Amino acid sequence: MKSLYDFIQKFGPLFKKGGKLEKLYPIYEMGEGFLFVLPLRTKIGAHIRDAIDMKRFMITVYVALVPAFIFGIFNAGYQHFLSLGISVTILQIILKGALVVIPIYLIVLVTGGIWEVLFAVFRKHEINEGFLITSFLIPLIVPPTIPWWQLVAATTFGIVIGKEIFGGVGMNIFNPALVARAFLFFAFPKAMSGNSVWTVFGEKVVDTYTSATPLAVISDTISSSGGIIEALADKGYTLWNMFLGIIPGSIGETSTLMILLGLFILLLTKTASWRIVLSVFVGGYAMSTLLNQFAPDPTHIFALPAHYHFVMGGFAFGAVFMATDPVSSCSTNKGKYVYGFLIGVLAILVRTLNPAYPEGMMLAILLMNTFSPLIDHFVVQANKKRRLKYASQ
Amino acid sequence: MKVIKLHRGYDIKLTGETVRTIEQAQFPPKIAFKPTDFIGLKPRLLIVTGDEVKVGTPLAYDKNNDRIKIISHVSGKVSEIIRGERRVIEAIVVETNGIQTGEHLNFDLKNLNKESVIKALLDSGLFLNFVQRPFNKIANPADTPRDIFISAMDTAPLAAEDSFILKSNENSFQKGIDVLTQLTSGKVRLSFKYEDKAFTEFNNCELYNFTGPHPAGNVGVQIHHIAPIKNANDIVWSCSVQAVILIGKLFETGKINQDILVKVAGTAAEKRYYFKTKTGAEVSSFLGKNEENSRIISGNVLTGQKIEADGFIGFKDNLITVIPEATEPEFLGWLNPGFSKRSWWKTFVSAIITPKKVFKADTNIGGGNRSLVINSIYEEVVPMRILPSYLIKSILAEDIEEMEALGIYEVAEEDFALCEYICPSKTEFQQIIRQGLNLMEKEG
């Protein structure tokens, strides 16, 4: 490997200050950093440093997303063959799923990568590894049937408007992946809602196949016969099915199990804030339990228990992977409790009170992204006040 | 005795610990006085190269305050004045002659009062041991500090043990404390580790116990929890255990005595003992042959100064750490599960399966510089009611009022060394804090 390292180093002067390709330095830095952890020595400040860097941090988050991604591939294939009513081998399922999901991922990755590199070159900063996560998140929160050109538009919007116009990573207000999804949701509502977008259908659909998502089922208050849980079960949506994720939905959002696996990785490695995740679920639990008390009849959407909310739609995915985005969430530990709690409350509120927007989680997080600086502001003010108090003694 | 329990912080566990034995180092052939050891001191030379100096000869004074002088504690000849960029004086080197002849100094040791104590400390050069907060700089002899704080628990990696330094110097230490009480309108406040019994018996001072990981031993953290600094005019001083002993000795004997104990640690050091030597000694007089390609640090790995093999130990330092420099690139390092990575984070396998493992330190920075992204983690290693990322950002924005409100008076560079250590964006926290303190002092 030493020879490869020396070989790369030979090109260094070409890209560094004064070199012919100085402008492309971010690309060189990315490639060099991809291949090697450089033996760069500390110059000022602490002589020893932690082995962590942004690359490692982001890779860890990436790894946490892999279970949901792999399951997403499986489920896209599984739902396809289920709607056709054909039973096939697992290999065929995965092959079909991969044909659906991998192109979506590659399109997002390439689109996002181009923007990131462009901005890095023009702004003369290093390429931030954050785009790896954004471009991994976007495919997981879109329906498998998403038209590719819309995907390119949404990724561009998410990265440019959601992140770069604020000055790049660390300065954005909103989670760029969610901005991309919100863009899709409002610009191309037909591709993002209704019953037909969540499954890649074949030539025919068997009668037994339910294409409506659980969130659509519960919004449809006409259905009656027992309670709302029975209404869901009628359509095949048992708690267990939804927990496992073998239901139609956005590519990576369906399986709560896989998301929990990701959460385990995030918390074990300290790469996500447990404060946020915990308080999102607490907020969601509190709000849905409160609504339960006001349910006019057992089939009403208000009657849905909290644990059903948690396994439906994007609640779990949003709590674990979106709300915890270190940039757009609160920057104070105390603020995180409030931030998470309100996301949980709002997500359930939007979901239940406004069936026109079944995906309350996305809107709740985006809204709280807007408010997180305000929450931080109060925490910071409290910190200052406390100091003023003893300073004036 | 008040017990203060701190939870936030982090102990970096490093190999290269020292054997707890004392070796007598040779009389240092050269001793350097580095004005850069004293933040805020602008030196004006009183000697030129070639001058003979004695114990007690002033070598330089502070342009801002001519009562503050750098005093030689050896006799010999000024062999060199080392200048750095823009001719800043980096070191005044004295070649010792082995014989210690003194200037005729008359210290008034009988009447302990503020004036006599300050005069004795200034004339002996020991005054330079005091560090003032706010601003973490040299103290001003005209001030009467609200309190004087002594931390007898250095929690930094591989730090010298204060109880070991204290051993058989207890009387001098008590004498030193008695002297210090003359300088403050308040109290002398001594903090030490909960389990450390060496410091429990001292009088004339308030005793505090601290528990918790680094930086619980930082005097700034202790001040924050005992009696926080209120504003720019709320002045407190601090000094080390070694300095209190030296002050005590001065008042016991009437002689300038800068014999100190220096710990040598770090995997790249050949002889890892405590050495008896003198303040400012040339490190080659007691360091053995170090490994090739190693870095010598006067002080600890977080806050110390890099020195060369022919360099000198810092005025206030009791520790020389020698660690290997980073040399080898690591292929596809980000893919490495990391079975032997030293990290506060848990993204490496070693941090999860062997959290107690002791690691070899090298100077690898570990990654590229990035924007500050993960803002809330720094709170986890600063056991004060300070919001590190907000303070840092207010400094970068040069927002004086905000810096003041967020507590800049209470902090020093060293209190943020761990933030710098754990930062995945490799932000230079200590340097930013220094900028903030300088700006605050100038504009505030």
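What share of the contacts in chain A between residues at least 6 apart in sequence join residues at least 24 apart? I looked it up: the share is 71%, with contact meaning heavy atoms within 4.5 Å.

**Ground rules.** I noted that this is a predicted model, where local features need pLDDT of at least 70, side-chain atom pairs count only at pLDDT 80 or more, and totals for chains, interfaces and linings use all residues. Residues are numbered from 1 along each chain as its sequence is written, chains are lettered from A and ligands numbered from 1 in the order in which they are written, and side-chain values use heavy atoms, with hydrogens and water left out.

**Chain A.** I found 17 helices and one strand here; helices (H or I, at least four residues) and strands (E, at least two) are DSSP runs, numbered from the N terminus. Next I checked the radius of gyration, which is taken over C-alpha atoms, with a globule rule of 2.2 Å times the number of residues to the power 0.38. For the 393 residues of chain A a compact globule would come out near 21 Å, and the chain's 23 Å agrees with that. Its C-alpha atoms fill a box of roughly 75 × 70 × 35 Å along the principal axes.

**Chain B.** I got ten helices and 21 strands. This chain has 444 residues, for which a compact globule would have a radius of gyration near 22 Å; chain B has 22 Å, so that agrees. Its C-alpha trace spans about 65 × 50 × 45 Å along the principal axes. Buried residues make up 60% of chain B.

**Where they meet.** I looked at the interface next: 56 residues of chain A are in contact with 78 residues of chain B. The two chains bury about 6000 Å² between them, 56% of it on carbon and sulfur atoms. Buried area here is the accessible area (1.4 Å probe) that two parts lose on being put together, summed over both. A:His47, A:Ile48 and A:Arg49 supply 14% of what chain A buries against chain B, more than any other three residues.

**One residue up close.** I picked A:Arg387, which sits in helix α17 (residues 360-391) of chain A. Buried or exposed, I wondered of A:Arg387? A:Arg387 counts as buried because its relative accessibility is 7%. Leaving aside neighbours within four places in sequence, its contacts include B:Arg385, B:Glu404 and B:Glu410. I also checked A:Gly18, 369 residues away along the chain: the C-alpha atoms of that residue and A:Arg387 are separated by 49 Å.

Conventions: Buried < 20%, exposed > 50% of the residue type's maximum accessible area, 1.4 Å probe, protein only.
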